[in-house]
Amino acid sequence: MPKLKTKSGAKKRFKLTATGKVKAGVAGKRHRLISHNSKYIRQNRGTKVMAAADAKKIKSYMPYA
């Protein structure tokens, strides 16, 4: 049985927590921040835990993580 390949994009964007949840950077923080209010910018700082439905898909991209 050949080894499964990890998707390079997923490897760069996501990390798994110790309990197996998927952590990712928050979207919408690269440009056009003037049009967003301070609350939006503040709340989207750091990383977030992905929803269960998204996490299932992401874990399939990283079989050995």
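Two strands count as paired if DSSP finds at least two bridges between them. Strands (E, at least two residues) and helices (H or I, at least four) are DSSP runs, numbered from the N terminus. This is a predicted model: local features need pLDDT of at least 70, side-chain atom pairs count only at pLDDT 80 or more, and totals for chains, interfaces and linings use all residues. Residues are numbered from 1 along each chain as its sequence is written, and side-chain values use heavy atoms, without hydrogens and water.

**Sheet**

E1 and strand E2 (residues 22-25) run antiparallel, joined by three bridges. Leu 16 faces Val 22 of E2. The open sheet has three strands in the order E1-E2-E3, paired antiparallel. E1 (14-16) and E3 (47-49) are the edge strands, each with a single partner, so one side of each lacks a neighbour in the sheet.

**Core**

The largest nonpolar core consists of Ala 10, Phe 14, Val 22, Ala 24, Ala 55, Ile 58 and Met 62. Such a core is a set of buried Ala, Val, Leu, Ile, Met, Phe, Trp, Tyr and Cys residues joined through side-chain atoms within 4.5 Å. Buried means under 20% relative accessible area, exposed over 50%, partly exposed in between (1.4 Å probe, protein chains only). E2 and helix H3 (52-61) each give two or more residues to this core.

**Whole chain**

The chain has three helices and three strands, in the pattern α-β-β-α-β-α.

| Chain property | Value |
|---|---|
| C-alpha span along principal axes | about 50 × 25 × 20 Å |
| Buried share of the 65 residues | 12% |
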